[in-house]
Amino acid sequence: MNHSVERLSKNQRIQHIILLISMIMLSLTGLALKFHNNAFSVWLIKLEGGIWVRGLIHRFFAIILILLSLYHLLWVTFTDEGHKELMAITPRLKDFSDFIKKIAYNLGLSNKQPEFDKYDYLQKLQYWGVVAGTVLMAITGLVLWFVNQSMAILPKWVIDVTTLIHGWDGVLIFIVLFLFHLYNVHLNPEVFPMSKTWIDGKIPVARLKHEHKLEYDKLIPDKENEKN
Amino acid sequence: MKKINSVAVHSVPDKKTKITVKLFGFILLAAAILSLPTRAVSQPPLYQKCLLCHGRPGFKKILPDGKVLELFVNKSELENSIHSKLHCTDCHADVMEIPHLKIPGKVNCYRCHYKDNPNGAMPANEFFQSVHGQMVTAGDPKAPRCQNCHGSHNIQKVNSPLSTVNHQNVAYTCGKCHKPQYDNYIQSIHGTALLDRHIKSAPTCTTCHGKHLILKPDNPESSIYPLNVINVCSKCHENKELIRKYNIPGGRISTYKESYHGIADEFGSVRVANCSSCHRAHLILPESNPRSSINKANLAKTCGKCHQNANINFTKGKIHVNYKSKSTGILYYIGMFFEILTVSTLTLLFIHILLDLFRRYKSGEIGGKNKRGE
């Protein structure tokens, strides 16, 4: 069975690549500052050209991420494709019952796996986690970037809170993305060592049927979408 | 002379008459006896000749340009100094005759105070690398020499209360040239602690600037180079014993190091604020003092040195924030919230993943045999 169907369009794949580059660079430059006491961070900051250049790199990729986010917002709002994807990834009550079913299945309490649509509850959680995280990061990040302007209106303790949230939110996004990806698209026995969907945009039909049964049922009767 | 003569006598004993030998012997003995007293008398030194003139109070010389050279030397001062066993000419080595015709040159302490002097004089080699020593080397007539700080005829051991460079007195000595800094220092918490309250552990000029090896603040080797200031302050402000004994606020250094200023400083930024940027270098005053740079009323101005928009509103909140202390208030709880959120997210994700792997293992999916499509 070598049949595959398109899961991510070229547009989505490009968005994903820009997102991952900016996220990785922001993590490397940001987490090195947050955990500045360990030797790896010291090495990393030296590699990044010192504390000042580190900041420049961080802000450069922050701009890229913000622009990408704005583009993404327009894309999900005003394009048919984007809007359809937004609808597909919107959380529903079913996600909660899916979660319960999955846990029951994994614990051996039930023999029936939940059936997922295009995005399962973990993927939705991941997406919305990143959306919320990025919005928070952008707001707090801008306050800290323009600290001389922020100072004119904010007391120091608010800027301290902002710094704290920016740092911890970064850690949280990093952990969630790292673990989700590590599991879902790398260590997952179905795809180990790595799912190629992010490169070619395709998912094998068999895997689609296994992991996204409802999506499979929708797509497969429509033979046009089935590709080799 | 003596040695050469004796060699001459012993090398040719038989060729000379007994009288000649005796005569030579007598001359030798006389020479030896005459040469001895100069050494023996060096115990109480021969000030007397010099003090014939220099011991007269008010002895001075008016130079052609109208300047008055005070030439009186106080004998008791000399006798009580650390150099009481030296001759005048041991230091004033260019005086060969009395009365001397020329004005003697400046005394060069390095004649004795060089490294590894077998007589044990303290070395002062570092001095020549210092900002003061560099001026001396460059021939600047205003350059401070050893005697400007240590005194000349009245030099005492450093731990003597009479010493000009004693911990208590050195600020006054430095202040002779560094007047504005001295004026600030004596009003500062450090100056009043040392000079008014006689707290011996309180810092004076040399505590921060060093002694002989005083370098300019822009020299990276200097103890007060922006990146090194924190080390200087840490000597006392991280000293648990001093903090407890004198009730000094603790955690100043560790909280600074956790701030952006501290991190940037650690990674070599000289633009960023160090201790003295906010607390000042010499006029360091406690927060409660209205003149203090860190008094609430002055804080906006102090922050404003770098951050032009800092205002009184900005100064609300602590500057030295210890995120791990409950006294920090909201910051502590937000930090704790995120810590719990992060750890629980991590834990739940792990559990979820492990459960999934466990089920896959149980149902025989793991092992790659069931790989779908790829």
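**Interface of chains A and B**

I started with the buried area between chain A and chain B: about 4,800 Å². Carbon and sulfur atoms give 64% of that area. I use this quantity because the size of an interface is often given as the accessible area lost when the parts come together. I keep in mind that this is a predicted model.

Next I looked up the contacts. I find 52 residues of chain A in contact with 50 residues of chain B.

How many salt bridges are there between chain A and chain B? The count is one. I traced the pair: A:Lys102 with B:Asp356. Their closest N and O atoms are 3.4 Å apart, and the cut-off for a salt bridge is 4 Å.

I then ran the polar contacts across the interface of chain A and chain B. The rule finds 17 residue pairs, both partners at pLDDT 80 or more.

Which elements supply the side of chain A that touches chain B? I list helices H2 (39-47), H3 (50-78), H5 (93-106), H6 (121-145), H7 (147-153), H8 (156-187) and H10 (205-211) of chain A, each giving two or more residues. H8(A) gives the most, with 16 residues. By residue class, I note 35 nonpolar, 11 polar and six charged on this side of chain A.

**Helix H8 of chain A**

I checked the length of H8(A). It has 32 residues, so at 1.5 Å a residue it should span 46 Å. I get 44 Å between its end C-alpha atoms, which agrees.

I also looked for bends. H8(A) has a kink of about 30 degrees, and the kink is centred on A:His181.

**Fold of chain A**

I count 11 helices and three strands in chain A. From the N terminus, I read the order as β-α-α-α-α-α-α-α-α-α-β-α-α-β. Along the principal axes, the C-alpha atoms of chain A fill a box of roughly 60 × 40 × 35 Å.

**Salt bridges in the whole structure**

I searched all chains and found 11 salt bridges. One of them joins A:Glu85 and A:Lys118, at 2.9 Å from N to O. Why did I note this pair? A:Glu85 lies in helix H4 (residues 80-89) of chain A, and A:Lys118 lies in the loop between H5 and H6 of chain A, so the pair ties together parts that are 33 residues apart in sequence.

**Backbone checks in chain B**

Most residues other than glycine have a negative phi, and most peptide bonds are trans. I logged two departures.

Is the peptide bond from B:Ile98 to B:Pro99 cis or trans? I find it cis, with omega near -5 degrees. B:Pro99 sits in the loop between helix H5 (88-91) and helix H6 (131-137) of chain B.

For B:Asn247 I read a positive phi, near 55 degrees. I place B:Asn247 in the loop between helix H13 (240-246) and helix H14 (252-258) of chain B.

Definitions and conventions:
Residues are numbered from 1 along each chain as its sequence is written. Chains are lettered from A and ligands numbered from 1 in the order in which they are written. This is a predicted model: local features need pLDDT of at least 70, side-chain atom pairs count only at pLDDT 80 or more; totals for chains, interfaces and linings use all residues. Side-chain values use heavy atoms; hydrogens and water are left out. Contact means heavy atoms within 4.5 Å. Buried area is the accessible area (1.4 Å probe) that two parts lose on being put together, summed over both. A salt bridge is a side-chain nitrogen of Lys or Arg within 4 Å of a carboxyl oxygen of Asp or Glu. A polar contact is a pair of N or O atoms within 3.5 Å; within protein, one must be able to donate a hydrogen and the other to accept it, and residues adjacent in sequence count only if both atoms are side-chain atoms. Helices (H or I, at least four residues) and strands (E, at least two) are DSSP runs, numbered from the N terminus. Ala, Val, Leu, Ile, Met, Phe, Trp, Tyr, Cys and Pro count as nonpolar, Asp, Glu, Lys and Arg as charged, and the others, Gly among them, as polar. The expected span of a helix is 1.5 Å times one less than its number of residues. The bend at a residue is the angle between axes fitted to the seven residues ending there and the seven starting there.
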